[in-house]
Amino acid sequence: MRAAKLKEDYSFIRGVCYGVPYYTPVEQVKRELGYGRRLKLNSTRIWLVYEHYKDNPERFIDGLKNYVRTAYEEGYTTMPILFNGNGLNPDILEPEFKVEGEKYVSDVVNALKDEPGLIMWDIMNEPSCNDYIMKSPEDEKEARLSKMWNFLRHYCRFVKGIDKDNPVTIGHTFRYDVEPTVEEVDVISVHDYLSTHKEVEATYEYVKAIADKYNKPLINSEMGCLGRANPYDLAIEMCEKYNAGWYVFELMIGGYWGDIHGIFYPDGTIRDGYIIAALMGFHMNRTETAIKPNANKEGYAGRGISMLREALEEKTEVFHAERKPVEEILEACEFCANLLEGCQMVPMYEPPTLKINRFRNQENPDMTEVRKLAYELAGLLKDYCQLI
């Protein structure tokens, strides 16, 4: 029997992975989810840590319920992940864990199954992405995979036995992992961090064929990674093309993955406006119709260079030399930096305005370094606008 809350189409999901938030202070959760709500995000995918449950089941369940309810009040549904394949302890796949595992899953499912904010269960995140599978001796690999698939099938059935309403899925690492458990899930879920249109489309074509064969909806529950050449706009564009709901990884910039994942810093500022545009459904023009910005169309590049030249000018006499104050140089720098950034003339991983703010926040900025920045900005403007 199919879950009562199962939908035929989950393309409405505009989701985000949100780590382990059930012990996070409520005010912080509201603030951070509030950032995402401005982008019309509407679902979170969260990791449950079995060791947290084992240490203090009551605190764990209370924190989990409070999070799901808080997220729902903020306009988000939640997909909890029961087990995590990353860093898997293979002992949980053994028969000896069954009583312990079922007690844990039963407590979690019974606690959340009637929550209106629950959208579906993810039985395990990336079951094949761990040393147990990926570093398996060749003569053991099939047996290990079989043990994993049996574990997942069992808990799909076990969760359905407790919760008749909410659908289950498995967040598979690779497209080839989908079919061994497809009959037990209600929603097919795959992660795609591939790097070109051709590679990403190959994943969707493969998984869509399985989805059509078994008449099951499809979502991409993890995508978007700067360090894997999987930009957010490519990932979201493909989801739109294949009518798949999505969860990007991840909401907040920070921690181990902060240098290649994430949308918002804790204060609500962003890393990259292109990510924000992609999440709102807008994509870069990468065709011959794109128009290169002209920073000097109204003479502003020339004006900026003149400002820098004047700021760097030194009045000298035999026994006297005078330089402009640091703030006057930085003011000219900011004028030019805004031109350079606005006209896409500089990389934005460390924009000139960041360097300017860094100097302004110093009590006694190094005059030589400030002047060096001004000189560099003038050179960039001259080269870009081909000014003499």
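Me: Which side chain is joined to that of Ser 221 by a polar contact of 2.5 Å?

Reply: A polar contact is a pair of N or O atoms within 3.5 Å. Please keep in mind that this is a predicted model. Here the side chain of Ser 221 makes the 2.5 Å polar contact with the side chain of Ser 189. The side chain of His 191 is joined to that of Ser 221 as well, by a polar contact of 2.9 Å.

Me: Where is Ser 221 found, and is Ser 221 buried or exposed?

Reply: The general idea is that a residue counts as buried under 20% relative accessible area. Ser 221 is found in strand E7, which covers residues 218-222. Ser 221 counts as buried because its relative accessible area is 0%. Beyond four places in sequence, Ser 221 touches Cys 17, Arg 45, Gly 171, Ser 189, Val 190, His 191 and Tyr 247.

Me: What can be said of Ile 219 in the matter of burial and of contacts?

Reply: Ile 219 also has its place in strand E7. With a relative accessibility of 0%, Ile 219 is buried. Setting aside neighbours within four places in sequence, its contacts include Tyr 10, Ile 13, Met 79, Met 120, Val 187 and Ile 188. Ser 189 and Tyr 247 are also among the contacts of Ile 219.

Me: How many cavities of 30 Å³ or more does the structure hold, and which residues line the largest cavity?

Reply: A cavity is a space where a 1.4 Å probe fits but cannot get out. The structure holds 1 cavity of 30 Å³ or more, and the space in the largest cavity is about 40 Å³. Its lining is made up of Thr 169, Ile 170, His 172, Val 178, Thr 181, Val 182, Val 185, Val 187, Ile 188 and Ser 189. By class, this lining has 6 nonpolar and 4 polar residues, and no charged residues. Strands E5 (168-172) and E6 (188-191) each supply at least two lining residues, and E5 gives the most, with 3.

Me: How many residues does the largest nonpolar core have?

Reply: Such a core is a set of buried nonpolar residues joined through side-chain atoms within 4.5 Å. The largest one has 78 residues, and Leu 82, Phe 83, Tyr 104 and Val 108 have the most contacts inside it. Helix H6 (residues 138-162) gives the most to this core, with 9 residues. A second, separate core has 28 residues, including Phe 335, Leu 377, Ala 378 and Leu 381. To return to Val 108, its contacts beyond four places in sequence are Leu 48, Phe 60, Ile 61, Leu 64, Leu 82 and Trp 121.

Me: Which peptide bond is cis, and which residues other than glycine have a positive phi?

Reply: The peptide bond from Phe 249 to Glu 250 is cis, with omega near 0°. Glu 250 lies in the loop between strand E8 (245-248) and helix H9 (273-279). Lys 40 has a positive phi, near 65°, and belongs to the loop between helix H1 (26-37) and strand E2 (43-47). Ala 229 has a positive phi of about 55°, and its place is in the loop between E7 and helix H8 (232-241).

Conventions: Residues numbered from 1 in each chain as written. Predicted model: local features only at pLDDT ≥ 70, side-chain atom pairs only at ≥ 80, totals over all residues. Heavy atoms only, no water. 1 Å grid on protein atoms, 1.4 Å probe; cavity = no way out; pocket = protein on both sides within 12 Å on 5 of 7 lines; lining within 4 Å. Points joined across faces, edges and corners; volume = space filled by probe spheres on them. Helix = DSSP H or I, 4+ residues; strand = E, 2+ residues; numbered from the N terminus. Nonpolar A, V, L, I, M, F, W, Y, C, P; charged D, E, K, R; others polar. Buried < 20%, exposed > 50% of the residue type's maximum accessible area, 1.4 Å probe, protein only. Polar contact = N/O pair within 3.5 Å; in protein donor to acceptor, adjacent residues only side chain to side chain. Contact = heavy atoms within 4.5 Å.
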